[in-house]
There are 2 protein chains.
Amino acid sequence: MGHPHPLNYAFQHRSRFLAELQDFIRFPTISAQPEHAGDLKECAKWLADHLRSIGLKNVRVVPTSGHAIVYADWLQEPALPTVLIYGHYDVQPPDPMNEWQSPPFEPVVRGEQLYGRGASDDKGQMFTHIKALEAYLKTRGMLPVNVRCIFEGEEEIGSPNLTEFLKRNSDALSADVAVVSDTRMLAPDQPALTYAMRGALSLELEIHGAAQDLHSGNFGGAIHNPLQVLCEIIASLHDSAGRIMVPGFYDRVRRWSNEERALMARWGPSDDQILRDAKAKAGWGERGYTLYERTTIRPALTINGITGGYQGSGGKAVIPARAVIKLNFRLVPDQDPFEIDQLFREHIAQLIPNTVTSEVRTTLTAQPALIDRTHPALRAAAIAYRAGFGKAPAFLRSGGTIPVINTLQETFGIPTVLMGFALPDDRMHAPNEKFHLPNFTRGIATSIHFLNEIARTLEGTKTLTFERVGAA
Amino acid sequence: MGHPHPLNYAFQHRSRFLAELQDFIRFPTISAQPEHAGDLKECAKWLADHLRSIGLKNVRVVPTSGHAIVYADWLQEPALPTVLIYGHYDVQPPDPMNEWQSPPFEPVVRGEQLYGRGASDDKGQMFTHIKALEAYLKTRGMLPVNVRCIFEGEEEIGSPNLTEFLKRNSDALSADVAVVSDTRMLAPDQPALTYAMRGALSLELEIHGAAQDLHSGNFGGAIHNPLQVLCEIIASLHDSAGRIMVPGFYDRVRRWSNEERALMARWGPSDDQILRDAKAKAGWGERGYTLYERTTIRPALTINGITGGYQGSGGKAVIPARAVIKLNFRLVPDQDPFEIDQLFREHIAQLIPNTVTSEVRTTLTAQPALIDRTHPALRAAAIAYRAGFGKAPAFLRSGGTIPVINTLQETFGIPTVLMGFALPDDRMHAPNEKFHLPNFTRGIATSIHFLNEIARTLEGTKTLTFERVGAA
């Protein structure tokens, strides 16, 4: 009696895999909130134990100045290609809490969906690869390629420590290709390989008015309100054509050929599809571009939150002493987040009226990333998708940001296969985040095929090409 | 051995008076927050018991659809004038909590100040009259005038039930003059009688975008952000000269003569004084008016708070599904809050882009009020101030709003003496609200003198004049 095939093993153990994923989601690993540092620590330990239990070697929980990186590998012959599997075990804050139909960290299955914060971003998606590795190791006792796993706990706060970890250990961590499942497919029956991601720059702008909150009756009309100053500044940052009004902002934005834009129109979602995914009644943004283009090859500026004044029930007649806004730029080749940061600060300094003072804090920077879509690793991924989902993948650009992609290119010179298993309506970053369970199963199968395929495709490959992005 | 004089009684019992005021402040009577309804109920009962204990008659806790009204009186000969003493036992929310040096509902004395929410607005100020009544009743066994006390629990939410209570009981509640201590003096050595208050209109504007929060990477640049829409609308509501850009808004604003403005300049605070009181480095507002004028004879629009998106620590890459702003208009004669409400709603309907939907909720309306400053009751108050503080009062306009003032004029045809004991730096509505304890003592003395003086001044007065305000 031989061992079952890895695919059969994965099918037989699917109930247990789901239960384990639910255990994983139960850790409230909100990296942005310091009070959850202990939860991230426990989750990292759980993850390390889990990787050890499926047969991976050299499992380490690597401390950083923030949240730990979990490392594991399974290395055999140097002649075999090495695949670096990246994922992140941290999640976005679950706010607003009252909009969740079930508690964010008590994962439940309703119909074909698993609900919980991190279900798709990224615990569910990274778990597909972990389970694929288990299926190989428990049936064959080996993997078809060398593998390194790097799972971080700071992706949702911009990976502040990962780059240094990768750079300091670039020899020890050498690989030929990376695979990351943290992106979206177009629809349940249409997988997608992502070949571009936007960069990001997140900032907080704080405005200080009077030294104390003031009675809006006694002082209303005579003292500049920091909330109003904030609104006036925000309003001035877009013109009526949806363009961002920071001088120099568009100087390095790459212009794409008509051929590329035609390809994008063929592969990418239509305006209607994007509006359906967003559950929005109308589009908005920069004139002259489709919604898909506005979210991928064009930069964007989004207000993520404003804090100021009274937010409880009823009213409070107050002119607040201060107001804070959280801003998020999404950047495209060849913009550089550090340069945009400087342009923004200079512009704000010009805008601030002398009735108030201001402070700008940079909270996240990430370079945009482009992947050569003709790379053999992407062909291997396409073959794997066909086997796992019965359909060839579309090639997509993503509007999102995964900071590590650019770092892997810069540090190791390797491309990343962005093999997404999330769906457009999975509500990543929003209440009632979910993971489509058929994609969990098909994702594991796709990963099993991918590891096999990459072994054949990359064997002996020495020179890998990639496109450099970002300002010089 | 005769009884002591009421003034001596007040002096002898000043420590107990302070302890009682602290007991009063300990009730967290935040009328805007439904979870404090029980605290208001307990406080109303405490207040009623207290009024009974000092010798007032017909003490009643009158339930309303909101928070109760506490009534008490002491009526003797119908020939004597009747003074209606109004105050409110509810307070503003204490937010932001972390800026209080001591807990808002654990009153403490530091130096000459009593710190606590409601210390000056209005528990401390209304208590001066209660203690003046006690001083008379405990020494003389009678009052120099008839008195009715009406203390409400909904002033900070716009007195939604008081008008109906007064109108329904207008015969039973007849009076010749009202006195309210809920306003400010100019400085510790400069008392003030307020003869004008602004009206108010508070609104919430809610903007709905997509049906759910969206990932700002995946959708940033293609979906209109409700927070951005809100900022753009708010920014458009003032022009660069500080005027409010709602069509028709200024149509009924009364223009004052140069004589009146010269009087205001003589009596009122200078720009420098207002900036010192506000702890602000520069003024702001409508061109062509002093800061005192901007806060009294000119209307104002203030943003009291914005809620939208992520407000926790760190970042969250989200386009929120909705955003809410709390707005507060201060209105002047002859503006009408109901008409301004309509104009605002029509203007917002024009401004809202078709990418979002909006909702406007009216949360407070109050008419502006003007008091005839030549009325004999104000002369009586001036004499009382001279006796209590050693200085004649200034005549001031206030930028604040006390909804009952206009109602008393409309319903009873009586003027209100606005005899303020708060100081400009008492931080009414802000963290670390306080009451200047020398003003507590002098306020009680002033009230004792006032009751005596009003008995002489108004005895036999039949026709009282008042000025009507507000749109027809």
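In this predicted model, the contact between the two chains draws 79 residues from chain A and 79 residues from chain B. On the side of chain A that touches chain B, the strand that gives the most is β11 (residues 300–309) of chain A, with nine residues. The residues on that side of chain A divide into 31 nonpolar, 36 polar and 12 charged.

**How the two chains are related**

- Chain A is superposed on chain B by a rotation of 180° with 0.0 Å of shift along its axis, and the RMSD of this superposition is 0.1 Å.
- The two copies are thus related as by a two-fold rotation axis.
- The residue of chain A that comes closest to the rotation axis is C231(A), whose C-alpha lies at 2.1 Å.
- Of the interface residues of chain A, 100% are also interface residues in chain B, so the copies meet through the same surface.

- An open sheet of eight strands has the order β14(A)-β9(A)-β13(A)-β11(A)-β11(B)-β13(B)-β9(B)-β14(B), and its pairing is antiparallel.
- Its edge strands, each of which pairs on one side only, are β14 (357–366) of chain A and β14 (357–366) of chain B.
- On average, and with direction ignored, neighbouring strands of this sheet are turned by 20° against each other.
- Where the chains join, β11(A) and strand β11 (residues 300–309) of chain B run antiparallel and are linked by five bridges, and G305(A) stands opposite G309(B) in β11(B).
- Within chain A, β11(A) also pairs in the antiparallel sense with strand β13 (residues 322–331), over eight bridges, and L301(A) has F329(A) as its bridge partner in β13(A).
- Strand β11(A) is mostly covered, as 10 of its 10 residues are buried.
- In chain B, β9(B) and β14(B) pair in the antiparallel sense over nine bridges, with E206(B) standing opposite E359(B) in β14(B).
- Helix α11(B) packs on this sheet, where it touches β9, β13 and β14 of chain B, and its direction makes about 170° with that of β14(B).

**An enclosed helix, α7 of chain B**

- Nine of the 11 residues of helix α7 (residues 226–236) of chain B are buried, so this helix is largely enclosed by the rest of the structure.
- Among the buried residues of α7(B) are P226(B), L227(B), C231(B) and E232(B).
- The buried residues of α7(B) pack against elements of both chains, namely α7 (226–236) and β11 of chain A, together with β9 (199–208), β11, β13 (322–331) and α11 (337–351) of chain B.

**The domains of chain A**

- The domain assignment of chain A gives domain 1 as 6–197 + 368–458 and domain 2 as 199–254 + 297–364.
- The centres of these two domains of chain A, taken over C-alpha atoms, are separated by 34 Å.
- Their contact takes seven residues from domain 1 of chain A and 10 residues from domain 2 of chain A, and the residues on the side of domain 1 divide into three nonpolar, three polar and one charged.

**A three-strand sheet in chain A**

- A further open sheet consists of three strands of chain A in the order β4-β5-β18, with antiparallel pairing.
- The edge strands here are β4 (108–110) and β18 (434–436) of chain A, each pairing on one side only, and neighbouring strands are turned by 25° against each other on average, direction ignored.
- Three bridges hold the antiparallel pairing of β4(A) with strand β5 (residues 113–115) of chain A, and R110(A) stands opposite Q113(A) in β5(A).
- Helix α14 (residues 437–458) of chain A lies across β5 and β18 of chain A and runs at about 60° to β18(A).

**A buried loop residue, D122(B)**

- D122(B) lies in the loop between β5 (113–115) and α4 (123–139) of chain B.
- This residue, D122(B), counts as buried because 26 other C-beta atoms lie within 10 Å, where 20 or more are required.
- Leaving aside residues up to four places away in sequence, D122(B) touches G87(B), H88(B), E155(B) and D182(B).

Methods:
Residues numbered from 1 in each chain as written. Chains lettered and ligands numbered in written order. Predicted model: local features only at pLDDT ≥ 70, side-chain atom pairs only at ≥ 80, totals over all residues. Least-squares fit on C-alpha atoms with pLDDT ≥ 70 in both. Pairing = 2+ DSSP bridges. Helix = DSSP H or I, 4+ residues; strand = E, 2+ residues; numbered from the N terminus. Axes fitted to C-alpha atoms, helices over the stretch in contact; angles between N-to-C directions. Nonpolar A, V, L, I, M, F, W, Y, C, P; charged D, E, K, R; others polar. Domains from an automatic or database assignment. Buried ≥ 20, exposed ≤ 12 C-beta atoms within 10 Å, placed from the backbone.
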